[in-house]
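Let's take a walk through this chain together, one element at a time. Have a look at the fold first, and then read on.

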Amino acid sequence: MISDSTIKKIAIVGPESTGKSTISAQLADHYHTVWVPEYAREYCSALSEPCTWQDEINMFRGQLELESKYIPLANKILICDTTFITVKIWSDHMFGESPKEVTDHLHKHPYDLYLLMDIDLAWEEDPLRDFPHMREHFMEVWHNELKALDAAYHVISGTNEERLRNAIRRVDSFLNV
């Protein structure tokens, strides 16, 4: 089994509808590795009621568990389509605070590099997306969260191939390729 410490974890984060899943799949393909899907997407698609506090905790735990399952499959880097920081951001927005279990893990579960997807892509409707009018707000929230963690991050802009090239350039620079 590959040790968690030998794998570099790259988090693909950002507001809704910024191409996180697309970039995650493309980067995993480019670097011949695996990517961890967003646990909350599947979880929320199964909900029949609005998301609760306990649902947020379940999504936090599910995302961490999913990452741990993918680490042994990774080839030097693990691409993570979002992180549990999303749970903090949504909890803060929806409930005015975050579960302590989540905030306690923020500094205990770092990622080596964060790619913050810019809001320069057109909004795509999706039943699991809620705030097309708040993209600038959530972009600012992501900047603040990453700065609070003193995280190494870069904003990735552009469309289609340009966006992918910008992401690859940042990952290559991080990996010293």
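Helices (H or I, at least four residues) and strands (E, at least two) are DSSP runs, numbered from the N terminus. This is a predicted model, in which local features need pLDDT of at least 70 and side-chain atom pairs count only at pLDDT 80 or more, while totals for chains, interfaces and linings use all residues. Residues are numbered from 1 along each chain as its sequence is written, and side-chain values use heavy atoms, with hydrogens and water left out.

Which residues of H1 are buried? In this helix (residues 20-30) they are Lys20, Ile23, Ser24, Leu27 and Ala28. Buried means under 20% relative accessible area, exposed means over 50%, and partly exposed is in between (1.4 Å probe, protein chains only). Seen down the axis of H1, the buried residues fall within an arc of 130 degrees, so they line one face of the helix; the arc is that of the directions from the helix axis to the C-beta atoms. After H1 comes His32, with a positive phi near 50 degrees.

## The five-stranded sheet

The strands form an open sheet of five, in the order E2-E3-E1-E4-E5, with parallel pairing. Two strands count as paired if DSSP finds at least two bridges between them. At the edges sit E2 and strand E5 (153-156), each of which pairs on one side only.

Now follow the partners of E3. Strand E1 (residues 8-13) pairs with E3 in the parallel sense over five bridges, and the bridge partner of Lys8 in E3 is Ile77. Strand E2 (residues 35-36) also runs parallel to E3, pairing over two bridges, with Ile79 of E3 as the bridge partner of Trp35. E1 pairs in the parallel sense with E4 as well, over four bridges, and Val13 stands opposite Leu116 in E4.

## How E3 is covered

Strand E3 (residues 77-81) is mostly covered, with five of its five residues buried. Both faces take part: Ile77, Ile79 and Asp81 are buried on one side, and Leu78 and Cys80 on the other.

Helix H7 lies across E1, E3, E4 and E5 and runs at about 165 degrees to E4. Axes here are lines fitted to C-alpha atoms, for helices over the stretch in contact, and angles run from 0 to 180 degrees between N-to-C directions.

## Helices H3 and H4

How do two neighbouring helices sit against each other? Two packed helices are described by the angle between their axes and the distance between the axes. The axes of helix H3 (residues 53-70) and helix H4 (residues 85-95) come within 10 Å and cross at roughly 170 degrees. That makes H3 roughly antiparallel to H4 (angles under 35 degrees count as roughly parallel, over 145 as roughly antiparallel, 65 to 115 as roughly perpendicular and the rest as oblique). In the contact, Trp53, Glu56, Met59 and Phe60 of H3 meet Val87, Trp90, Ser91 and Phe95 of H4. These residues divide into six nonpolar, one polar and one charged (Ala, Val, Leu, Ile, Met, Phe, Trp, Tyr, Cys and Pro count as nonpolar, Asp, Glu, Lys and Arg as charged, and the others, Gly among them, as polar).

The buried residues of H4 are Ile85, Thr86, Val87, Lys88, Ile89, Trp90 and Ser91. Their cover includes H3, helix H5 (100-105), E4 and helix H6 (135-148). Just after H4, Gly96 takes a positive phi of about 80 degrees.

## Residues worth a look

Most residues other than glycine have a negative phi, and most peptide bonds are trans. Thr82, in the loop between E3 and H4, has a positive phi near 80 degrees. Is Thr82 buried or exposed? Thr82 is buried, with a relative accessible area of 3%. Asn160, in helix H7, also has a positive phi, about 50 degrees, although it is not a glycine; Asn160 is exposed, with a relative accessible area of 64%.

Finally, turn to Arg61 in helix H3, which counts as partly exposed at 43% relative accessibility. Leaving aside neighbours within four places in sequence, Arg61 is in contact with Gln54 and Glu101. The C-alpha atoms of Arg61 and Arg170 are separated by 29 Å, and the two residues are 109 residues apart along the chain.

How values were computed:
Contact = heavy atoms within 4.5 Å.
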